Amino acid sequence: MPPAERREDSIDGAVAQTQVHSEQESTNMKFAIKAWCKSGRARVGLLQLKSSSSLGQGGPPAKEIEIETPALLLTTRKGLPAFISPDHLSFLPSPDSRLLQFSPMHFMEGPNSKTISNIGGVHRLLGLQGYGFVAVPRDSILSLPESYSSNKNGASFETPCGRFLVKPLEYMKMITSMKPDLWVSLADEVPASVTAKRNKTSVDRTITWLDDCISLNPRERALFGSVVGGCSVEERQRCAQEVAKRNVSGYYIGGFGLGDSIDERSTFLHAVTDSLPKEKPRQVCGLGLPEEVLQGIAAGIDLFDSTYIYHLTLEGFALIFPLNGKCKQHVSDPQLCATAGDYTKINLKATVYRKDASRIVEGCKCYTCQNHTKAYINHLLNVHEMLAQILLEIHNTHHYLSFFRLIREAITEGKFEEFRQNH
Amino acid sequence: MALRFEILGRFNRARAARLTLPHFLCETPLFMPVGTQGTIKGLTTHQLEDIGCQIILGNTYHLALRPTSELIDEMGGLHKFMNWPRALLTDSGGFQMVSLLHLADITEEGVTFQSPVDGKPMLLTPEESIQIQNRIGADIIMALDDVVKTTITGPRIEEAMYRTLRWIDRCIAAHKRPKEQNLFGIVQGGLDPVLRDICVQGLVERNLPGYAIGGLAGGEDKDSFWRVVAQCTASLPESKPRYVMGVGYPLDIVVCSALGADMYDCVYPTRTARFGTALVPEGVLKLKHQSMADDTRPIDSTCECMICKNYTRAYLHCLVTKDAMGSQLLSYHNLYYMMQLSRNLHSSIIEGKFPEFVCDFLRKMFPEGDVPEWVCNAMEVAGIDISSCSTPLNSKLNLHTSSG
């Protein structure tokens, strides 16, 4: 069926189709709010996913993943973490570590959609049937929105194998073959520096593409509608209101982390979250640092991806911030100063760790801290061995997941604002 | 002596044994992965245990440079430093120096070279090599030998062989931990059977815990290679382990095991993984090749490893040589393959099914029956009948003459 015809159908039939969808659009996803913080925006929720790997495949019974939010989506390269192999992935806290994010554009170099279909979708492709996969076009490492080349037909992304213009139809083909548990509609994400006109266009396009995605939506998979609008409260609200009218399972808030400043961000976050129905989950991209995560949670965001861990790992940093809520140690700690670290992280390349037989964090239950010393990792970093990154990504992921767990506890106990102050 | 070697089964010259080392009870024949700098590239010690690695090799030259043997000693030895609970073996450092440093030179004193750190002239003596290895603390340590390439001819080979014998005494004298670490001597002598024999006799007189066959796996032709191994295994003591250094390809390991060798090491499985090549019963599978892009089969349908149970060639194709994960996953499979080969060699000898195993192995690798001549010759000496899986030599000759 040629795309033009399909578009006609979808516009005329939009109302009818959304009515049909409302009964079925959450076949594989449920979300419920369990606790609110005093200010009324931050919340703890429970996201339930029926692992879709066996839907319609006649395979083993569907697994259910239940994840408490706010939650961290683990970043991946082509579906697997950069350094943590699947066996080690299974040692991370569960179910906290069971949500993985990928961009369909990771697979521009292959395998192609047909092959991925033959294999049975991403869960089978990656040997991770018990995990939840969230497909997001934008990935801060391998699939960067390249808004200058985007046009009315599609969004442009910069990837290691070149620049690609991705149209909704193409995107949907990828989603259909990959069968993720949750997926985000194609959006025109623009940096903070664009003109008002370009920003407005990005909202129009994003809404149009959302409608395209909805009309092509494979019903058993939950769709998150994308909300953009840059650094304009009006556009943010307009986009959020429009998207809220559509029948989607949740919302993806794009456009942050592209040159916007953290100081002004809360305004725009609130403009969006206050215009969205409270009972549906919200995901954001580009808010990776601990303070950004806290800011997002305070605005009512439930799901975060973050390249924080990846960048820390590459540079030899290990997270050490105390997880008991009491944060500010004396910053004048000479050892920390000498190592270019601070009270949140240490750089294990520093010579001060050459003979340090202690664990990165005493009492940390991750594989790295249970098995290895700072001295060994220091050595691995100095001789450029891959095992250094493996061990660091394991620890950093474990530590960051624990951070999220603490946040959820704080919200549940009504102590979130206090927690945020301390960090 | 800090080991026990008990032969549990034989087939002609091949043996399956239990090798008890201070840190681990091993089963031979066995392959030892090379963990050059105190780690096997891209794999955790947990994974190495899962795969079934028994002994890992550390390179003395690299470790002495970084983090230094003194530091390793201070940290309680290499086992503790890298948290590897099983066995370790360190080489002497000599070979690495000669092959990595083009200004290295060998004199009676030792190996002189320029420090790669600051260019200062340095000297690695037999005494120093042993001291470094004592500090590192491996279960098996190697004597410093005067190793020459097998492609070299002339009086240098004889000089190197005799020097190796003089150096072994210096190594023995310098060895401070004979109750915890086993010093293996290395048989040199190039491709000259007379020299090899003198060296074997000389080392055996010193009554060492084990013996290595050195100076091979360096570019010599396969026919010379197997003959040296055969000669050495025939004259080395039965009751002690025999280690063929730098070997290697699965085929070479099968042949050497048939001839009576027990231990092997090589960077090949892990190095070739980083180039996208997987080890399979048929030989190798080049995952980078375009034909792999749509191939939804596992690397090897008969392999039980985590990689073959979960991943397709198509997915691995998109990872290898581009993503660190590709190296990890493929190294995992390749080492699993080598460990499985070791297990199969051990169990088939014990179960009295060694010839069947060899034939099955050769059949898969040479489905047309074109087993290389050197393998046929070696198997004949080993007393293994491979006529069921190889085209007989005279019919090969007939084909040649009739096609004119």
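Across the interface of chain A and chain B in this predicted model, five salt bridges are found. One of them joins the side chains of B:Lys322 and A:Glu109, with a distance of 3.7 Å from N to O. Between chain A and chain B there are also 21 residue pairs in polar contact, counting pairs with both residues at pLDDT 80 or more. Several helices of chain A each supply at least two residues of the side that touches chain B, among them helix H3 (86-89), helix H4 (113-119) and helix H15 (386-412). The largest share of that side, five residues, comes from H14(A). Sorted by class, the side of chain A that touches chain B has 21 nonpolar, 12 polar and nine charged residues.

The contact as a whole takes 42 residues from chain A and 39 residues from chain B. Together the two chains bury about 3400 Å², and 58% of this area lies on carbon and sulfur atoms.

**Salt bridges over the model**

Over all chains, the count of salt bridges comes to 52.

| Pair | Distance, N to O |
|---|---|
| A:Asp96 and A:Arg405 | 2.8 Å |
| B:Glu159 and B:Arg156 | 2.8 Å |
| B:Asp223 and B:Arg227 | 3.1 Å |

The side chains of A:Asp96 and A:Arg405 meet in a salt bridge. A:Asp96 lies in the loop between H3 and strand E5 (99-102) of chain A and A:Arg405 lies in helix H15 of chain A, so this pair ties together parts that are 309 residues apart in sequence. A:Asp96 has a relative accessible area of 9% and therefore counts as buried, the cut-off being under 20%. A:Arg405, by its relative accessible area of 37%, is partly exposed.

B:Glu159 and B:Arg156 are both in helix H7 (residues 155-174), three residues apart, which is about one turn of the helix. B:Glu159 is partly exposed at 36% relative accessible area, and B:Arg156 is partly exposed at 24%. B:Asp223 and B:Arg227 are separated by about one helical turn because they are four residues apart in helix H9 (residues 222-235) of chain B. B:Asp223 is partly exposed, with a relative accessible area of 28%, and B:Arg227 counts as partly exposed at 43%. Salt bridges that share partners also join B:Glu108, B:Asp146, B:Arg156, B:Glu159, B:Arg163 and B:Arg166 into one network.

**Nonpolar cores and a buried residue**

The largest nonpolar core holds 226 residues, of which A:Tyr400, B:Ile299, B:Leu362 and B:Ile386 touch the most other members. H15(A) gives the most to this core, with 14 residues. Leaving aside residues up to four places away in sequence, B:Ile299 touches several residues of chain B, including B:Ala278, B:Val280, B:Leu285, B:Tyr311 and B:His333. A second, separate core of 21 residues includes B:Phe5, B:Leu30, B:Ala212 and B:Met263.

B:Asn182 is placed in strand E11 (residues 182-187) of chain B. With a relative accessible area of 0%, B:Asn182 is buried, because the value is under 20%. Not counting residues up to four places away in sequence, the residues that B:Asn182 touches include B:Met1, B:Ala2, B:Leu3, B:Asp139 and B:Pro209.

Technical notes. Residues numbered from 1 in each chain as written. Chains lettered and ligands numbered in written order. Predicted model: local features only at pLDDT ≥ 70, side-chain atom pairs only at ≥ 80, totals over all residues. Heavy atoms only, no water. Contact = heavy atoms within 4.5 Å. Buried area = accessible area lost by both parts, 1.4 Å probe. Salt bridge = Lys/Arg side-chain N within 4 Å of Asp/Glu carboxyl O. Polar contact = N/O pair within 3.5 Å; in protein donor to acceptor, adjacent residues only side chain to side chain. Nonpolar A, V, L, I, M, F, W, Y, C, P; charged D, E, K, R; others polar. Buried < 20%, exposed > 50% of the residue type's maximum accessible area, 1.4 Å probe, protein only. Core = buried A, V, L, I, M, F, W, Y, C linked by side-chain atoms within 4.5 Å.
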